[in-house]
Amino acid sequence: MTTIDPTPASLPPALTEPTVRVPRTWTALLFSANLGLWMAFFTPIQVLLPIQIERIAPAGKEAALAWVMAAGAFAAIIANPVAGALSDRTCPRIGGRELGRRHAWTFGGAVLAAAGLVLLSHQHTLLGVALAWTAVQICLNAMLASLTAAVPDRVPVAQRAAVSGWVGIPQSLGLVVGAILTTAVFTGTIGGYAAIAIALLVLGLPFALRTADDPLPRDHRPPLSPRALAAAMWISPRRHPDFAWAWGTRFLVQLGNALGTLYLLYFLADGVHHADPETGLLILILLYTAGMMATAVLAGRVSDRSGRRKPFVIWSGVEMAAAATILAVWPTFPAAIVAAVLLGGGYGVYLAVDAALITEVLPAATHRAKDLGVINIANAAPQVLGPLLSAPIVVHLGGYPTLYVLTALITLLGSAFVLKIRTVR
């Protein structure tokens, strides 16, 4: 379970375990902010960047996309925990009134990321695309660090899986809405990027402007120096083994997800030989999202009521591995439809329950955002490693069947790691 630092006898609200259930309006605003965030994350990855890069370098599109994705994800690996650590230490003051430590990062990250998306839309070289996407990733990860900390900051343990289910849905729903905007409403990449930027602001800013954010008294602020920040990034696996195993579970499952989803558009075009791969991708995304929405909140509520987390994580890994195996064995569009539903259903369970599990193994309340930023490295690092692994596999080492078999094996291994966690059932 999350521990509270035993410093002053009376801790400020920002550092105490929440006990009051959050209302539906708070959850709805957090859902909206995450929807805008994940639209900005995934729509470029799945739709806009593949199209943009194919126009710039059609002969080497797979490798070019892999390197652009790796550059952005590498920036995310650094930006997320650093932004989280800075958020833990933020004590803004306006007119003598202390403000909360999270919302400034949500607001600033959204505004700067929106500007970066507009800049990205006007790039016509691979270097320009890589640099602009890296800047967008840095800003989005600053926003993500503060939004991720909202759940342990405000939501009691007995409500966390259900809230995490709602918060997890935008990870796929954002891609659906973004894909519709960029394929059916705005057909050009410039218009598509602009639409995503506007949606990020409209959906993301209300949470920062309309919800409470507990201020952190300055005498409780962790030290702020480059040396202190660097030292804080290391969390000893020996002292916090459950945190380490939770990190490993998240890393491997997300690596499997990165391997299985990066080349879906190219898989439909070159592996399945779909007549209209962009429309086919949209259909798969819709089915994936339907499967995820059907399971995320339900699994979260059942997990909260039972008090159990690990069985849900294991089952979700088995289901996602089965979906990847179907793609490896039957590279047809009907099989891809079945796999999309299974993958979405399994991922919905995983997102809701694993997110709640992780909040229960955080080392201390004083640096929740930083610790969750370290966890988010397990989300971002696979976006670096995934492209570097999948590109040579697709081109030289057996193609898509090999890729999806590897996806299944890695996902199964990741879900099995959760068994090593001792303090959570």
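**Inside the helices**

A: Thr43 counts as buried, because its relative accessibility is 0%. Buried means under 20% relative accessible area, exposed means over 50%, and partly exposed is in between (1.4 Å probe, protein chains only).

Q: Before we go on, what kind of model is this, and how are residues numbered?

A: This is a predicted model, with residues numbered from 1 along each chain as its sequence is written. Local features need pLDDT of at least 70, side-chain atom pairs count only at pLDDT 80 or more, totals for chains, interfaces and linings use all residues, and side-chain values use heavy atoms, with hydrogens and water left out.

Q: OK. Which helix is Thr43 in?

A: Thr43 is in helix H1, residues 24-56. Helices (H or I, at least four residues) and strands (E, at least two) are DSSP runs, numbered from the N terminus.

Q: What does the side chain of Thr43 have a polar atom 2.8 Å from?

A: The backbone oxygen of Met39. A polar contact is a pair of N or O atoms within 3.5 Å. Within protein, one must be able to donate a hydrogen and the other to accept it. Residues adjacent in sequence count only if both atoms are side-chain atoms.

Q: Switching topic. What is the volume of the largest pocket?

A: About 380 Å³. Of the 15 residues that line the largest pocket, Arg21, Gln159, Ala162, Trp166 and Arg301 are the closest to its centre.

Q: How is a pocket defined?

A: Take a 1 Å grid over the protein atoms alone. A cavity is a set of points where a 1.4 Å probe fits but cannot get out. A pocket is an open set with protein on both sides within 12 Å along at least five of seven lines. Lining residues have an atom within 4 Å of a point. Grid points are joined across faces, edges and corners, and a volume is the space filled by probe spheres set on the points.

Q: Which helix gives the most to that lining?

A: H1, with four residues. H1, helix H5 (160-168) and helix H11 (277-306) each supply at least two. By class, the lining has eight nonpolar, two polar and five charged residues. Ala, Val, Leu, Ile, Met, Phe, Trp, Tyr, Cys and Pro count as nonpolar, Asp, Glu, Lys and Arg as charged, and the others, Gly among them, as polar.

Q: Now loops. Where is Arg102?

A: Arg102 sits in the loop between strand S2 (97-98) and helix H3 (103-121). Arg102 counts as buried, because its relative accessibility is 3%. Its side chain makes a polar contact with the side chain of Asp88, at 2.9 Å. Beyond four places in sequence, the contacts of Arg102 include Asp153, Asp213 and Arg368.

Q: What about His273, buried or exposed?

A: His273 is exposed, because its relative accessible area is 61%. His273 is in the loop between H10 and H11. Its phi is near 60°, a positive value in a residue other than glycine. Most residues other than glycine have a negative phi.

Q: And in H10, which residues are buried?

A: In H10 (residues 264-271), the buried ones include Leu264, Tyr266 and Phe267.

Q: Last one: what caps the N-terminal end of H13?

A: Thr332, with a side-chain oxygen 3.3 Å from the backbone nitrogen of Ala335. H13 (residues 333-359) is mostly covered. Of its 27 residues, 20 are buried. Its end C-alpha atoms are 38 Å apart, which agrees with the 39 Å its 27 residues should span at 1.5 Å a residue. That expected span is 1.5 Å times one less than the number of residues.

Conventions. Contact means heavy atoms within 4.5 Å.
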